[in-house]
Structures are given as structure tokens and as C-alpha cells.
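Morning, everyone. Please look at the structure on the screen, and then we will walk through it.

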2 protein chains.
Amino acid sequence: MKNERTIDEIDHSILEILQEKARVPNAEVARQVGMAPSAVLERIRKLEDRGFIEGYEVRLNPVEFDQGLAAFVHIRVLPHANGALAAKLTEVTGVQEVHQVAGEDGYLLKLRVADNVELGTILRDELMMLDGVESTRTSIVLNTIKETRKIDLNR
Amino acid sequence: MKNERTIDEIDHSILEILQEKARVPNAEVARQVGMAPSAVLERIRKLEDRGFIEGYEVRLNPVEFDQGLAAFVHIRVLPHANGALAAKLTEVTGVQEVHQVAGEDGYLLKLRVADNVELGTILRDELMMLDGVESTRTSIVLNTIKETRKIDLNR
DNA sequence: ATAGCTTCAGAATATAATTCTGTACCAAGC
DNA sequence: GCTTGGTACAGAATTATATTCTGAAGCTAT
């Protein structure tokens, strides 16, 4: 019996096409991989069912929505800090990512905000107010050279 | 004449629906916002044309593609470093993001790799080999609590 | 060999996107 | 106040696309 947890070259091709442009018609994908649309659709459905494909997203332009400034904030946590801190961090204004990191015994946040003023306000009035936060170190992004979620399928 | 660079409450609603689930049928969006499908489509096209919507993406499950480990790498750059460094960084294996950051005079990278072994290899054989790199500091992600690109439209 | 399973193509069908047309609305200029 | 030009919208008509269905082919284990 075929292993249901592997993907073959055709799946690879399909996913590469979808990673380039998620809104390409099925028939077009089928043409590119040389199969019938129905077969391609069946494969995509299976990739979804098996969890290889998690979902489909729209990507908005942050600048147009007053979120032109990105920043990373390292948060050092006090010993014996409340476990609820992580959940609180996800609720902070502008926070898009919360990662628990090793080495620093803390969290790394990615934020999108309007400008330095808003960032300062958030740091002062929201982050520093949370129980368990010992200190923060902020890296302001001057320029984003690359930002993608694409996964390199060829390795 | 109406300002072509603003979006109204209806656009907001549409974008919120799309941010929840990018693959919702037009007619369903229309129903939710109480308009005709043709009108909704017209609005979406304009949002695309004006650059508010940058594109549509498929989100793959990194774990299934042997990229279960995330890491952030701060790179400190030597004075007078070659300007080509940034471009080189984007080509490094597993690199999804490259941000030029203030304060540290360097770059912040986000990587997705299979495991610690691969991460070590990349740091040693790829990153440290690049001209202009003075030092690196790596934060290994133990647990990602939140990771989204959604933009809060209500501010 | 053959039963059981998967994959696929191609046709048939269902659903959705897109185009088209006319109307209403609003603002600017006369 | 009237007209012109532009935008937004609904609803119908059309086109494109997705989905379902069926049968055939291939593969594997027995």
C-alpha cells in the first residue's frame, strides 16, 4: 500500500505553482503539470486533508493600513513568571508573532505599528505593564529586504 | 470627487472576511456585507489595483516539509561592509526574512530549517563565510505561540 | 489470477466569476 | 437649477471554473 504521508514530484510541482500564485485556476495548474483538472483537484484536496496545505491567505499592504513600521522585541522574563504571560503577549497591539526562545529565557515578538510614537506607547503602556516582564530590547526594522513564507520544497 | 486612496467600512468588512479565509466565494462575501456579488467583486478588484491587497498565498505546514525548527539570527556587520551582503543573506538556505535593523547596525534573519544540525551547518558554512559578517547571535524558537500576518483594520 | 485500492481522464453537472446594462447618486461647472 | 461626468450599485446574462461521477488502468498482496 502506498504511504499516505509522502508527496511525489507532481505534488511538488503543484505546490510550487500554488506558492507562486495561490489564485491560479485549477485548469491552469493541470495544464502545467500535464494532468486533467479533476486529478489535480483531487491531489490538492488530499494535500489539504493531510495537513500539508494549512490554508489560503490574503496578503495586505501594511503601509496602506498605517502599519509601515516593523519591530522585533526581545522580552526577558522574570524567574517564576506567570505562565499566562505568553497569552497576554499575543493580545498586545500590533503583535503579529510571539515566539518562546531558548538562550534568553524569554520571548521574541514581531510587531507592526504605524510609527515610532506608537511603538513607544505600546512598549511603555502595554508591554512593560505585564506581570513577569523583566526587560525588553527592541530592534527597529529600517528596511525589509526579504519577507516570505514560501518553503523551499527542493531539499 | 471621491478620494481614491481611502477605504470605507464596506471595504473593511470585505478585507476582514478575506483575512479570515481567503478562499471564500464572492457571493458569500456579498451576502455577508449585504451587497450584490458584482459590486463586491468590483471593490475587491479596486483594492487589488490600488495596492491594498498585495496578493494571495497558500500557507504550507513547515513540519511536513522538514522545516519544523524556526530560528532568528542577529548579524552584526563589520564597518565598511560590502553593500552586497544583504542580497547574499536572502540566498542563504532556509532564510525566510531579512531585515536591516537599527541599533545593532546589522541584520535580523528569520530561518526555517529541519533541526539543530542543519541550523549549525548553515551558520558555520554559509553565514559565517559571508564577507562583512562580524558576528552572529542566534535565538532558537522553542515554541511559536502566535504567527500571523493579519492586519488589525480597526485602528 | 483476482480482490481491493488508488489514480487518473473525460464527460456531465453544479457553482462561481465576470461582464454587461441601466439606474441612482453625487459633485463640479455653467 | 440644469447639465455633464464620474462612481457605485443591482440584477440579468454570459462565461469560466470547480466539482462530481463513471469507468478504465495500474499496482499490490494474497
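Through which surface do the copies meet? Keep in mind that this is a predicted model. In it, 100% of the interface residues of chain B are also interface residues in chain A, so the copies meet through the same surface.

Next, symmetry. Turn chain B by 180°, with a shift of 0.0 Å along the axis, and it can be laid on chain A with an RMSD of 0.0 Å. That is the relation of a two-fold axis. Which residue of chain B comes closest to the rotation axis? B:E57 does, with its C-alpha at 2.5 Å.

Now the core. The largest nonpolar core has 40 residues. A:I53, A:L60, B:I53 and B:L60 touch the most other members. In each chain, α1, α2, α3 and β1 each supply at least two residues of this core. Take B:I53: its contacts include A:V58, A:R59 and A:L60, and also B:L15 and B:I44.

On to the rings. Over all chains, the structure holds three aromatic pairs. One of them is A:F52 with B:F65. Their centres are 5.7 Å apart and their planes sit at 70°, so the pair is edge-to-face. A:F52 is in a loop of chain A and B:F65 in a loop of chain B, so this pair joins two chains. Both A:F52 and B:F65 are buried.

A:F72 and B:F72 also pair edge-to-face, at 5.9 Å centre to centre and 65° between the planes. A:F72 lies in strand β2 of chain A and B:F72 in strand β2 of chain B, so this pair joins two chains. Both are buried.

Last, charges over rings. A:R23 lies over the face of B:Y56, at 3.9 Å from the ring centre. B:R23 lies over the face of A:Y56, at 4.0 Å.

Definitions and conventions. Residues numbered from 1 in each chain as written. Chains lettered and ligands numbered in written order. Predicted model: local features only at pLDDT ≥ 70, side-chain atom pairs only at ≥ 80, totals over all residues. Heavy atoms only, no water. Core = buried A, V, L, I, M, F, W, Y, C linked by side-chain atoms within 4.5 Å. Buried < 20%, exposed > 50% of the residue type's maximum accessible area, 1.4 Å probe, protein only. Helix = DSSP H or I, 4+ residues; strand = E, 2+ residues; numbered from the N terminus. Contact = heavy atoms within 4.5 Å. Least-squares fit on C-alpha atoms with pLDDT ≥ 70 in both. Phe/Tyr/Trp six-rings, centres within 6.5 Å; stacked < 30°, edge-to-face > 60°. Lys NZ or Arg CZ within 6 Å of the ring centre and 35° of its normal. Lists of a residue's contacts leave out its neighbours within four places in sequence.
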